[in-house]
Amino acid sequence: DITKFTAVVDGKDSKCINYNNLTGRLQAGDQVVLNTTAVELGLGTGGYHFVLCRLPDNCIDRSMGHIMKLKYTPAQFNCMSAEAQESNYHETINSFTTLDGLPVIIGTLHSVLAPAAIAFKSLKPDARLIYIMTDSGALPIWFSDIVRGLKDEKYIDAAITCGNAFGGDLECVNVYSALTAVKEIYKADAAIICMGPGIVGTATKYGFSGIEQGYIIDAVNKLGGKAIAVPRISFSDIRDRHYGISHHSITVLEKICNTKADIAVPILEEPKMKIIEQQINAYEINRKHNINYVNCDDVSSLLLANREHLTKMGKGFEEDKEYFITCGASAILAVKLVEKQASLSCC
């Protein structure tokens, strides 16, 4: 799905990415048109240029489906969306009634996915876990080495891309239909929703793409699921607004979502625990949401053993362990809810 290669740009060797399903497979010597914007601006794309098209032509079969991705841009293309009239799943999606208590872990960064999935599957290996990637970060799921690795090692059973995100095992129009697909098509036991790699932040209260966590919490609850909101907790970020519980999480949980979420907070050493509790009380997050304090000793050891999968903005497990442990705590809570659902079904 993805080819990484080196091309000569302005007389220099430059790292490039080609999405084979969009722009065709390349051969040495091919001429390509590149989007070089992010590298020129010094943005965090990993320093890659992206292939827009191959010269002289671009022959990709896009005959399946009528739902458009990257709509009304020169790069728009059609795909088979699960809920479309021509899809084999149309009636299945249309007959949906409820998520029936399905636990859904909701993050604000792509780096939530690996620790949450690894912890969940390690604790509940026979459970079916589906990842939904929104369009608030990278749009092609193929850009994510994390997704590729987790699928290869069976930590996630399938991936859905929704909105203008694309390249998943299943395409959906929005978060609501993606959640429906998790329940009705994949018959999953739990799901994880977060954006692809990359996040927009502006150091303003509402100007960050992770704000989507708020309305995803509401979507899960409206459809009858159990929303588990992952708080962004870190003690390695030197920026005051991201120290302890990030202002991103506080804004979402205090101001944005209209419904109640379950929040797993790891039990940490006393000085750090005191800071987190002060923030929870100061913003009355404990009055609006269900706070679950979770012992994470076991999951901490588990994540340490799988640290090669864990990265957050260039930091590994040892450099930002509270962040990753918090993601693992959410997985512990999800497993408990899965087991609770199973016991209710047996009665």
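**Exercise 1. Decide how far helix α7 is enclosed by the rest of this predicted model.**

Solution. Begin with the extent of the helix: α7 covers residues 212-222, and eight of its 11 residues are buried, so the helix is largely enclosed by the rest of the structure. The cut-off behind this step is that a residue counts as buried when its relative accessible area is under 20%. Next, name the residues concerned, which are Glu 212, Gln 213, Gly 214, Ile 216, Ile 217, Asp 218, Ala 219 and Val 220. Then ask what surrounds them: the buried residues of α7 pack against the strands β7 (103-106), β8 (129-134), β11 (190-195) and β12 (226-229), and also against the helices α6 (175-184) and α8 (247-256). Finally, look at what comes after the helix, where Gly 224 follows α7 with a positive phi, near 90°.

**Exercise 2. Work out which parts of the chain are tied together by the salt bridge between Asp 145 and Lys 4.**

Solution. Start from the pair itself, in which the closest N and O atoms of Lys 4 and Asp 145 are 3.6 Å apart; a salt bridge requires such atoms to be within 4 Å.

**Exercise 3. Trace the network of salt bridges that links Lys 4, Asp 145 and Arg 148.**

Solution. Besides its bridge to Lys 4, Asp 145 meets the side chain of Arg 148 in a salt bridge of 2.3 Å, taken from N to O. Both Arg 148 and Asp 145 lie in helix α5, three residues apart, which is about one turn of the helix. Arg 148 is partly exposed, because its relative accessibility is 32%. Putting the two bridges together, Asp 145 pairs with Lys 4 and with Arg 148, and these three residues form a linked network.

**Exercise 4. Find how many salt bridges the structure holds, and describe one that involves Glu 269.**

Solution. The structure holds 12 salt bridges. Among them is the one in which the side chains of Lys 272 and Glu 269 meet at 3.2 Å, N to O. Glu 269 has a relative accessible area of 39%, so this residue is partly exposed.

Terms used:
Residues numbered from 1 in each chain as written. Predicted model: local features only at pLDDT ≥ 70, side-chain atom pairs only at ≥ 80, totals over all residues. Heavy atoms only, no water. Buried < 20%, exposed > 50% of the residue type's maximum accessible area, 1.4 Å probe, protein only. Helix = DSSP H or I, 4+ residues; strand = E, 2+ residues; numbered from the N terminus. Contact = heavy atoms within 4.5 Å.
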